[in-house]
Amino acid sequence: MMKATLFNTILGTATATVCLMGVTVPQANAGTLHNGWNYAIDSFNDGAEGNIIGANSTYEMYGMAVKEDTQSNSIFVAINANLPITGASDNYAADKHIGWGDLIFNFSGDNLKTANASGNLFGIRFTENSNSGVSSVGVYNNVTLKSVTKENSGFTNLTHHADHVSSRGGTASMGDLAYNDSYFDGQTSGTHTVLNSIKTGNLLGGINLINDFTGLGLDFANFSAIGSQTFGFSFDKSLMPVGEFVANLFAECANDGVALLGEFAVASVPPGDVSVPEPSTMLGLMALGLTFAGSRARKKGQAIAVEG
């Protein structure tokens, strides 16, 4: 959990906002929990392919979900998008291919730029078809990041992407955060500043790819997230710290991305028990979002249900 001093600072500087969260904020903004999975549902019209925006774009991302299974001691990650795990052919990319960046976990409480500068990140390379700076698929710690947007003929920064989408009638978001949230400080301006790939890191362990989530309770359709591809992976829970985190993922061209606020529990749940997040946990996640001055950007009219 966040240090008490940091949480008290947030309360002292944003008392009215915190009170509002505790009393009047609709459940839709309190988290996206369903069937034991924590979902970040992205805008459905911010993946661009030339002038094509949304469902008909190869690069549209619909959402990401994370599940902690204390009985199997595993973390599950699922991604719903139009871009396959193997990526897509693109004649404008240096290698004629655009794939997925690496999935980044930040437990530090700092924004991504600060955590990156100190190598205080965890990352997962989950496909071999990528420009990642690490050679093996797996889970890494002491991660530093780089941008691979230039070689993938991508957007120069997050504002560039958002403006492109907006000019064609779309609305850019990053799931649980806005694209211009201060968590992404340094990535909304400049040239090729989107940190979407691991540069260096230490390999901790492998992952298990998952193509069939039957029996695991995954249900993107509950949120109308119906991308053509659903894939993911699992890894041993011991490879990640406990506590609150921000996880984010971009395409290699920075053409759409998603961020998820979550928490990995301290203790395992005895067999037969069901772990249900407490309201205080969700308040903690929302407080974490405040440190990045973030808003939960959602597509207008999209129904998000909270079940717990």
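**Ground rules.** I am working from a predicted model, where local features need pLDDT of at least 70 and side-chain atom pairs count only at pLDDT 80 or more, while totals for chains, interfaces and linings use all residues. Residues are numbered from 1 along each chain as its sequence is written, and side-chain values use heavy atoms, with hydrogens and water left out.

**Overall.** I found 5 helices and 16 strands in the protein; these are DSSP runs numbered from the N terminus, with helices being H or I of at least four residues and strands E of at least two. Of the 308 residues, 54% are buried, meaning under 20% relative accessible area with a 1.4 Å probe and protein chains only. I also looked at contacts (heavy atoms within 4.5 Å). Among those between residues at least 6 apart in sequence, 71% join residues at least 24 apart.

**Cores.** Next I looked up nonpolar cores, which are sets of buried Ala, Val, Leu, Ile, Met, Phe, Trp, Tyr and Cys residues joined through side-chain atoms within 4.5 Å. The largest has 36 residues, and Leu103, Phe105, Ile124, Phe126 and Phe235 touch the most other members. Strands supplying at least two residues each include β5 (61–69), β9 (103–106) and β14 (229–236). The top giver is β6, with 4 residues. Leaving out residues up to four places away in sequence, I see Leu103 touching Met64, Val77 and Phe233, among others. Another core, of 25 residues, lies apart from the largest one, and Val134, Tyr140, Tyr183 and Leu195 are among its members.

**Strand pairing.** Two strands pair if DSSP finds at least two bridges between them. I followed β14: β6 runs antiparallel to it, joined by 8 bridges, and Ser74 has Asp236 as its bridge partner there. Strand β13 (residues 208–210) also pairs with β14 in the antiparallel sense, over 3 bridges. In that pairing I noted Ile210 with Gly232.

**Cavities.** How many cavities of 30 Å³ or more does the structure hold? I count 2, a cavity being a set of points on a 1 Å grid over the protein atoms alone where a 1.4 Å probe fits but cannot get out.

Technical notes. Buried means under 20% relative accessible area, exposed over 50%, partly exposed in between (1.4 Å probe, protein chains only). On a 1 Å grid over the protein atoms alone, a cavity is a set of points where a 1.4 Å probe fits but cannot get out, and a pocket is an open set with protein on both sides within 12 Å along at least five of seven lines; lining residues have an atom within 4 Å of a point. Grid points are joined across faces, edges and corners, and a volume is the space filled by probe spheres set on the points.
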